[in-house]
Structures are given as structure tokens and as C-alpha cells.
Amino acid sequence: MSDLADRLQQLQTDALAELAVAADAQAVDSLRASLFGRSGRLTVLVRGLAEEDPAERPATGKVANAVRDALEAALTARQAAIAEAEGAVPLSGEASDMSAPGRPWRVGHLHPTMTVERDLREIFHAFGFEVFEGPEIETDAMNFEALNIPPDHPSRDLWDTLYVAEAGGDPRQPAADGTILRTHTSPVQIRAMRALTPPIRVITPGRCFRYEAVDASHGFEFFQVEGLVVDRDTSLADLKGMLEEFARALYGEATRTRFRPGYYPFTEPSVAFDVSCLVCGGSGCAACGRSGWMTILGAGMVHPAVLRAGGIDPEEFQGYAFGMGLDRITLLRHGIPDLRLLMSADMRFLEQFPAGR
Ligand code: DAH
């Protein structure tokens, strides 16, 4: 064996010994450079092949190849072992398996109350109503006074109010500018009348707030949909026909309905609108207090003072309005016993309404 072949084999022995004590990836890298770099030890020896006796050259060349392959393999193996010990998975292990089945997306769905809202939008859309929305933060003037409810009027007890305090002010006292959280969607009637010209047919869905002691049937936060129609020659009969159609669209053709006298300051006359009990169908049960009827909304002919507050001449136009709570409709639709579940954000509850239904 030639002298060069001997030195190549010696280099392999030395390098493997050095590799055995290389403690980290950096040490392996610098060993690799010291062997394979431009003036690396192996590179220099291999360059010497050119001066080798032509008779020896093929054999020495074979040795050189074998040494190079052995060192390459040893360096790579050691590098992988170190990477694994350090917890870094080698890149090859990270490659994606393109044939693996995908992970399913977790698709959310509408809250059951929002499904009810959407259904109402659809029903009223078919009746020619457009959607008109107003702000959740209102003024006393819009929420009450424009709706014919003066300060200190006894009917204010129907709407316990959450006041918005001035910065640094006392939250139990009304702010000087009268800012409140709206207690119903009725102030949007005023906004709609001021913004639109008759004939007006709008529904105004939205969130409302009241200062309530929270229990199974009361929340401080809830949803309403208000309806308003202003036109020449609208009548209580139109309102009745409209609501009957609405009740059948929402609850089915077999639903029976009735008007009862009611009281709201913003309508005259005012009515309560009942449907045959959604639980027993009218024969009388605990849910309807044995009456066979359930009240689903309040309504009436818009009071002339309210039309005037909306900038509409009551001599020329009449209107009817109605307002209903979405949460109650949702509870009845699904037989949910406690209103608080709707606001709980509890996935175990919400996941029971995959289509919102
Ligand atoms: N705003 C009433 C409430 O919150 C509901 C209502 C009743 C709205 C009669 C109306 C109406 O538009 O005409 O209890």
C-alpha cells in the first residue's frame, strides 16, 4: 500500500476518534470543515493523488473514496444523534405527509337567538319590510320622551333603566346629557321616521338593556325586534292581519291568535297579541298558566305625539307598531327552561343547536 493510502487510513482513524468526542453540533460542523474544507485534511491528501505513481493511483483512489464515504456517513450519523438528543427533530422528519387525511375544521354556528332573529328578518322581508338599526346607547329623550313618556310618568316603571354615567360620575345617577342604555328598540321608530319618508315599513332588531334582578325569565340584556309601518290609511285591521300572517309564518298554519287590550304610552289603542299555547296547543298547561294562550308581543296604532316626534304629520299619516322579545321566542322554540343559558357562552349548551334550531 502506498504511503498516501496509509496516511488516508490514518486520517480516518484520527477523525473518527475526534468525532467520538465531539460534544455538540458545532463541534461536528468544525470537524467536517477541518476534513472537507478547501484546505481540509482530507482535501489536501486527495489532491496528492495527482502525484501518485500511476501504478498505485487506482488502488489509492479507492482507499480515498472509501475514507471519504466512511467519514461522511459517520459525521451525518453523529449529527443526527446530537440533534435528536437536543430534541430538535431533523428536518427530514418534519416533511408533511401529503397523503394524510386532513383534520376537520371546527365550524361554528349561529346562536339560537340569532337564528330566531334571522328567521324574523326573512319573514318580514317577505312582507316588504326593510331592516333599520339604531344605537344601543341612547338618550332619555329618544328612549322615553319622543315616545310620549314624560319624566316621572308612572309608565317608566315598565322600563327600569341602566344609566350611562359621565366619566368619573356616579353610575347610579343619570348623566346630565341623559345618556342611557336603551330599554327597548322603540326609539329606533323615531330614528326611522326622521330618516325615511312614508310609506315606511321597517323592522328594527337589536340588543336592549334593563336594570333587572336576573332570574330564569329576566335578564339585564336581551334582544327585541320592533316593527313600524307608517302610511296613509293604515288601520288596526291592517296590524291585526299582518300579525296573524306573521304568527302563522313563525309557528305554523294551525296557530290561532287573539288581540287583547293593552297599554303602552306610544300607541293608542294598544294591544297585546297572543298565540295559542306553543306547548299544549291551547288545551291549557303549566307553560300557559292553564289559559291556552301565550302573549308574544305588544302592538298598537302609533300615538299622534310619537308621529310628530318623528317629524310626521298625524293628520296625513297613520302608523302601527309592534315589539317582541327574541329571547322568549327562542326559549319557547327549544323548550329551554332558563333564560340565563342563552347568555352563558357555555359550549355544552350552545352545541345543542348546531343549525341554530
Ligand atoms: N317597547 C315595548 C317593550 O319594550 C314593546 C312594544 C309594545 C313595542 C308596543 C311597540 C309597541 O312598538 O307598539 O315592552
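**Figure 1. Gly300 faces Ala321 across a strand pair.** Gly300 stands opposite Ala321 in strand β9. Strands β8 (residues 293-302) and β9 pair in the antiparallel sense, over 4 bridges. Two strands count as paired if DSSP finds at least two bridges between them. Strands are DSSP runs of E with at least two residues, helices are runs of H or I with at least four, and both are numbered from the N terminus. The model is predicted, so to speak of a local feature requires pLDDT of at least 70 and side-chain atom pairs count only at pLDDT 80 or more, while totals for chains, interfaces and linings use all residues. Residues are numbered from 1 along each chain as its sequence is written, and side-chain values use heavy atoms, with hydrogens and water left out.

**Figure 2. Strand β9 also pairs with β5.** Strand β5 covers residues 221-231, and β9 covers residues 318-325. The two run antiparallel, joined by 8 bridges. Look for Val225: its bridge partner in β9 is Met324.

Figure 3. How many aromatic pairs does the rule count? The count comes to 10. Rings of Phe, Tyr and Trp (its six-membered ring) pair if their centres lie within 6.5 Å; planes under 30 degrees apart are stacked, over 60 edge-to-face, and the rest tilted. For Phe259 and Phe273, the ring centres are 5.9 Å apart and the planes are at 85 degrees, so the pair is edge-to-face. This pair links distant parts of the chain, 14 residues apart. Phe259 sits in strand β6 (residues 257-262), and Phe273 in strand β7 (residues 267-276). Phe273 is buried, at 1% relative accessible area. The classes run as follows: buried is under 20% relative accessible area, exposed is over 50%, and partly exposed is in between (1.4 Å probe, protein chains only).

**Figure 4. Tyr264 and Phe266 form a stacked pair.** Which two values describe a pair of aromatic rings? They are the distance of the centres and the angle of the planes. The rings of Tyr264 and Phe266 have centres 5.6 Å apart and planes at 25 degrees, so they count as stacked. Tyr264 is partly exposed, with a relative accessible area of 27%. Phe266 is buried, with a value of 8%.

**Figure 5. Five phenylalanines form a cluster, and two charges sit over rings.** Ring pairs link Phe124, Phe127, Phe129, Phe246 and Phe322 into a cluster. Elsewhere, look for charges over rings. The rule asks for NZ of Lys or CZ of Arg within 6 Å of the ring centre and within 35 degrees of the ring normal. Lys240 lies over the face of Phe259, 5.9 Å from the ring centre. Arg256 lies over the face of Trp293, at 5.5 Å from the ring centre.

Figure 6. A disulfide is a pair of cysteine sulfur atoms within 2.5 Å. The whole structure holds 0 of them. Cys280 is in none: the nearest cysteine sulfur, that of Cys277, is 3.5 Å away. Is Cys280 buried or partly exposed? Cys280 is partly exposed, with a relative accessible area of 24%. Cys208 is buried, at 0%.

Figure 7. The volume of the largest pocket is about 1,100 Å³. On a 1 Å grid over the protein atoms alone, a pocket is an open set of points with protein on both sides within 12 Å along at least five of seven lines, a cavity is a set where a 1.4 Å probe fits but cannot get out, and lining residues have an atom within 4 Å of a point. Points are joined across faces, edges and corners, and the volume is the space filled by probe spheres set on them. The lining has 41 residues. Arg210, Gln224, Met324, Gly325 and Arg328 lie nearest the centre. Elements giving two or more residues are β5, β8, β9 and α11 (326-334). The largest share, 7 residues, comes from β8.

Figure 8. Pro198 and Pro199 are joined by a cis peptide bond, with omega about 5 degrees. Pro199 lies in the loop between α8 (187-195) and β4 (200-209). The bond from Glu268 to Pro269 is also cis, with omega near -5 degrees. Pro269 is in strand β7.

Figure 9. Asn148 is not a glycine, yet its phi is about 70 degrees. Asn148 lies in the loop between α7 (140-143) and β3 (179-181), and is partly exposed at 26% relative accessibility. Ala345 has phi near 55 degrees. Its place is the loop between α11 and α12 (347-350). At 60% relative accessibility, Ala345 counts as exposed.
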